Amino acid sequence: MSAPERLNKLKAAMQGMSAPPPASPSVVEMPGRAPGPLRSSPLPPSRQGKKNVSAYINPEAAKQLRLLAVERDTHTQTLLEEALNDLFRKYNKSAVV
């Protein structure tokens, strides 16, 4: 079937259609749900007022970070905060975490 023949069949099929169907609303209200962020539970107190910062790192570096946290009986979060403060000091910025 050639392109013009397909177009003619499409035009013939579309004849008699008056207007496109009404557009559905872009926001759908869910009954029984308050508007807001999609979150199953509120943020834990330890995360309130904080911002997530992430990076893609080498798998070996991630493993080494976790092992260091276990060796020092602490969390990776604590080690990353310490590393950020060291970085800030290196560039003459005040430690903030």
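Biologist: Which residue follows H3 with a positive phi?

Modeller: This is a predicted model in which local features need pLDDT of at least 70, side-chain atom pairs count only at pLDDT 80 or more, and totals for chains, interfaces and linings use all residues. Residues are numbered from 1 along each chain as its sequence is written, and side-chain values use heavy atoms, with hydrogens and water left out. Helices are DSSP runs of H or I with at least four residues, and strands are runs of E with at least two, numbered from the N terminus. After H3 comes a residue whose positive phi is near 55°, and that residue is asparagine 92.

Biologist: How far apart are the end C-alpha atoms of H3?

Modeller: The expected span of a helix is 1.5 Å times one less than its number of residues. H3 has 15 residues and should therefore span 21 Å, which agrees with the distance between its end C-alpha atoms, 21 Å.

Biologist: Which side chains meet in a salt bridge?

Modeller: A salt bridge needs a side-chain nitrogen of Lys or Arg within 4 Å of a carboxyl oxygen of Asp or Glu, and the structure holds one. With an N to O distance of 3.3 Å, the pair is aspartate 86 and arginine 89.

Biologist: At roughly what angle do the axes of H2 and H3 cross?

Modeller: Axes are lines fitted to C-alpha atoms, for helices over the stretch in contact, and angles run from 0 to 180 degrees between N-to-C directions. The axes of H2 (residues 59-71) and H3 (residues 76-90) come within 9 Å and cross at roughly 105°.

Biologist: Which residue caps the N-terminal end of H2?

Modeller: A side-chain oxygen of the capping residue lies 2.7 Å from the backbone nitrogen of glutamate 60. The cap is asparagine 58.

Conventions. Polar contact = N/O pair within 3.5 Å; in protein donor to acceptor, adjacent residues only side chain to side chain.
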